[in-house]
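Here is a briefing on one protein chain. Please keep the sequence and the model side by side while reading.

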Amino acid sequence: MLLDKEKSSYFCTQTTKNPIMENKKCFFAVDLGATSGRTVVGSLADGRVELKELTRFDNALIETGGHIYWDIFALYNEVVKGLKLAARHRLNIRSIGIDTWGCDFVCVGTDGAILRNPTAYRDPHTFGKMEEYFEQVMDKNKVYAKTGIQFMNFNSLFQLYAMRRAGNTALEHADKILFIPDALSYMLTGRTVCEYTVASTSQMLNPQTGELDTELVESVGLHRDQFGTMLHPGTVIGTLTGEVQRLTGLGAVPVVAVAGHDTASAVAAVPASDREFAYLSSGTWSLMGIETPQAIINDRSQALNFTNEGGIEGTTRFLKNICGMWLYERCRKEWTDAPQSHTELQAEAMRQPAFRSLINPDDKMFANPSSMIEAIRDYCRKTGQHVPDDYAGICRCIFDSLALRYRQVFTWLKEFADFDIKVLHIIGGGSLNNHLNRFTANSCGVTVLAGPQEGTALGNIMLQAKACGEVDNVWQMRKLIADSIELKRFEPEDREVWDAAYEHYLRITGE
């Protein structure tokens, strides 16, 4: 970790300024998702934070040679484009931070070159390898006890095992293994680091020690030195290389290790006033959890497949993944007669009878069916329910079912929490869905505060502001965010109706 005096020396004042943003310190956030990415500039002034999107771009998968890859060089090029635009507008860029999805990584050779585009977590090469690992290498109970991470076949541990078994030459010749945000930071600075929150998604990090577990790393034929120095969010990695300075027109701008895992950045932006809250990061996938000072690892958490991922300032994000608006998005692609407007479509759904058809959103049959509409109908048919025959009925089924699934997970969270959960913060794109937010408040029986929509970018930028000394801690960050946005409040109603619906849901789903 860099010393404070080393940190502060990086934050030199730029000499060129945009007349519109004069005297504003700007933080440059790179926010990469599994389908698209963007660059965003944020600034702090008068106790508020302001965001401006600079660029948006696709993050396309490459399928070749029987495998599926990410194009790390294309992503780097998009980052450089965003930085060029910032320089062209003469923005006072104080630092740069990168957040991405988790689990995937890049292999770097002894000469410092990237050996191959990184394999994507959607690649089928890990199918069956998790089970094989448990049979031949290490018992699954031992793995969970070490990491507290939910079991998914694409966790980095199982990707590395699959690559090793296949004789992957990039892995065989790798001098360093860098997770995606760390790889992009390396391309900008030449420094190899291992950011804590994204490393925690690998199923190789022990939350008790805060380090990669030696036994797990060695089980896939690697050693700890092949990963970079462990850094926590808010730590400076280094400055832009001379090459990147020349390409972008910027000076020696520092690159900060923010919460490299995008969900960790989003949770950092929850506008809570104290720790007595739960969060729901709502989008294509929903992640519901709490912040805890230590990981929660026991038989019960393993049985319910909860995960312990790295948070900011030494916290753990204890959470569960829920299949969120994926169901709705997939159906919208199939509907040919439904209104294109979310508002019109959802208004028609709200006129349908409540709780007439219910599903378990996390049933395996909804993971990636050829037709989501038919999968929902088939589930209802098999469970002896009304089979929805139009888009409005299916949409109402999805919203009712998600709200009841949220209640189920929320009930489990209350069991694990050592505090009273007084409010549920909904962040991300799903925070704009007023119907589902209202249903969630009614179902869970708790006050819901919806917003911000731009949680990930806000968390990224606020952690850069912390590294720069503009804020001292996460609670100052959260207050700034709360003062900068308008939260929508939903209070629980119709408790008896939702209690009865929840009992019906449990009977239908068999849980």
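Predicted model: local features only at pLDDT ≥ 70, side-chain atom pairs only at ≥ 80, totals over all residues.

Residues are numbered from 1 along each chain as its sequence is written, and side-chain values use heavy atoms, without hydrogens and water.

**Annotated domain**
- An unreviewed UniProt entry annotates residues 28-267 as "domain: Carbohydrate kinase FGGY N-terminal"; such annotations may be inferred rather than shown by experiment.
- The span is 33% helix and 28% strand, and its end C-alpha atoms lie 19 Å apart.
- Helices (H or I, at least four residues) and strands (E, at least two) are DSSP runs, numbered from the N terminus.

**Gln245**
- Helix α10 (residues 242-248) holds Gln245.
- Gln245 counts as partly exposed because its relative accessibility is 23%; buried is under 20%, exposed over 50%, and partly exposed in between (1.4 Å probe, protein chains only).
- Beyond its neighbours within four places in sequence, Gln245 contacts Leu240, Leu250, Gly251 and Ala252 (heavy atoms within 4.5 Å).
- Leu188 is 57 residues from Gln245 along the chain, with 9.1 Å between their C-alpha atoms.

**Nonpolar cores**
- A nonpolar core is a set of buried Ala, Val, Leu, Ile, Met, Phe, Trp, Tyr and Cys residues joined through side-chain atoms within 4.5 Å.
- The largest has 65 residues, of which Met288, Trp335, Ile376 and Ile398 touch the most other members.
- Helix α16 (residues 391-416) gives the most to this core, 16 residues.
- A second, separate core has 45 residues, including Leu54, Ile68, Tyr76 and Met187.
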